[in-house]
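Thanks for coming. I will take a few minutes on one structure, beginning with a charged pair. Please look at the sequence and the model first.

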Amino acid sequence: LGELFSETINFEKAKKYLEEATQISRDFFGSDSRNHSSASYALGDLYINLGSYDKAEELITRALEIIEPIVGKGHPTYSNYLGNLAALYKTMGLYEKSEELQLETIALRSTSEGVEHPNYASAWGDLAILYEVLGKYEESDSLFTLSRQIKIRSLGENYPGLAKDFNNHAYLYKAIGEYDKAEKLFLEGLELVEENLGKEHPDYLLLIHNLGELMIYIGQYERAEQYLTESMEKNERIHGKHHFSYLYSLGTLAGVYYFLRDRTKALELMLELNQLIREADLESHPDQGIIYSNLGLFFVGIGENQRAEVNYIKYLEVTENHFGKYHPRYSRTAYLLAYLLEQTEQYEKADSLYKSTLKNFEQHLGSRHPDYINCLAALGKLNWIRGKTEAAYPLLAESAFLELERVQKLYPVL
């Protein structure tokens with residue numbers, strides 16, 4: 001029952017029942033029983049959705065410790081738990097731990113389930129997502145393709161989960177500027193989902209929203225409006241106006257109207273979003289900050305920098321609460337706030353924030369990652385604006401060299 005409530009996004013009821021199940025399984029079957037392991041794992045999985053990552057790590061680690069002597073490392077259940085713990089570490093920004101566990105999961109699945117099994121393919125797909133985060137784009141591209149090919153061979157062209165695989169691979173192409181390839185994958189995924197699952201399915205909503213965001217990237221705002229309006233209307237009908245998915249679609253659509261120079265419509269939607277945020281209980285949602293980010297970007301665009309700063313600070317607070325100060329998502333939020341401080345001529349604050357953000361990017365993503373390179377260039381530009389040319393030159397030169405190196409690696413023909 002708890003897992004059912006979790007699947008239907010009713011996390012509070014899910015938490016109540018799963019905590020009770022964990023207690024009962026311990027009392028009746030023992031703390032080292034398979035039943036208690038399953039209940040602990042389910043509760044840990046729920047805590048991931050709630051953004052309580054430390055609790056999730058504790059529960060899933062305990063579930064692994066219990067299940068290993070019962071079924072052994074070669075059992076699919078052990079691999080499932082291990083793979084989910086690896087995914088959790090990725091979310092927490094613990095990338096070395098995540099890669100280590102994902103590679104172990106792949107090795108275990110190859111032995112226990114075989115190299116043509118869908119679970120083996122999914123494990124490669126999970127590693128592809130991690131490599132995308134780390135900026136290892138060539139490896140990521142190859143692994144996404146490998147994962148999908150294995151699933152097609154074992155399950156057929158229209159296998160379950162195909163839409164999400166298309167979505168993840170399309171996101172990679174979007175990240176490296178291969179927009180035509182990204183659009184093709186989004187459209188193929190949409191066609192398959194519509195044909196097999198219908199236009200009300202969550203996979204359809206995911207793909208049509210992300211296709212709308214891609215259209216913003218490539219400046220096709222009328223198509224973006226079309227896709228995002230459909231996404232917003234369907235999310236309202238299915239989830240209601242206070243659900244995160246509706247609010248996210250609403251904020252993104254407002255951005256489209258801003259680019260279309262319909263400032264009246266954009267402001268109308270943003271004011272609605274502001275009001276709904278006050279009414280909605282989103283504190284438990286780890287992605288709540290994205291909505292504040294959209295508000296911040298919009299207010300920057302219309303020149304209301306004070307309101308923009310308020311929303312960016314809220315974004316930073318939410319991100320810190322859910323992910324901690326050293327997570328890349330926090331660093332990206334701090335980078336946006338530093339840029340705003342620079343635009344409002346709060347140079348000392350911007351300088352301090354850029355420097356701490358740069359340090360975090362280098363520590364967790366490395367000095368070849370695009371986020372590090374962009375932050376390095378921004379810090380150099382800030383020094384240039386302030387007349388500190390001796391400090392600016394090395395930063396700008398290093399960022400230019402790293403960016404050239406990155407582009408040549410992606411496009412060797414250059």
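Lys-73 is partly exposed, at 36% relative accessible area; buried means under 20%, exposed over 50%, and partly exposed in between, with a 1.4 Å probe and protein chains only. Before I go on: this is a predicted model, where local features need pLDDT of at least 70, side-chain atom pairs count only at pLDDT 80 or more, and totals for chains, interfaces and linings use all residues. Residues are numbered from 1 along each chain as its sequence is written, and side-chain values use heavy atoms, with hydrogens and water left out.

Which residue forms a salt bridge with Lys-73? The partner is Glu-104, with the closest N and O atoms 3.8 Å apart; a salt bridge here is a side-chain nitrogen of Lys or Arg within 4 Å of a carboxyl oxygen of Asp or Glu. This pair links distant parts of the chain, 31 residues apart: Lys-73 sits in the loop between H4 and H5, and Glu-104 in helix H6. Helices are DSSP runs (H or I, at least four residues), numbered from the N terminus. Glu-104 is partly exposed too, at 26%.

A search of the whole structure finds 18 salt bridges. In another, Arg-223 and Glu-183 meet at 2.8 Å, N to O. Arg-223 belongs to helix H12 and Glu-183 to helix H10, 40 residues apart. Arg-223 counts as partly exposed at 24%, while Glu-183 counts as buried at 15%.

Lys-355 and Asp-351 also form a salt bridge, at 3.0 Å between the closest N and O atoms. They are four residues apart in helix H18, so about one helical turn separates them. Asp-351 is buried at 9%; Lys-355 is partly exposed at 46%.

The largest nonpolar core has 86 residues, and Leu-273 and Tyr-354 have the most contacts inside it. Such a core is a set of buried Ala, Val, Leu, Ile, Met, Phe, Trp, Tyr and Cys residues joined through side-chain atoms within 4.5 Å. Helix H13, residues 244-259, gives the most to this core, with 10 residues. Apart from it lies another core, of 26 residues, among them Tyr-41 and Tyr-89.

Tyr-89 is also one of the buried residues of H5. That helix, residues 76-91, reaches 23 Å from its first C-alpha to its last. After H5 comes Gly-93, with a positive phi near 85 degrees.

Methods
Helices (H or I, at least four residues) and strands (E, at least two) are DSSP runs, numbered from the N terminus. The expected span of a helix is 1.5 Å times one less than its number of residues.
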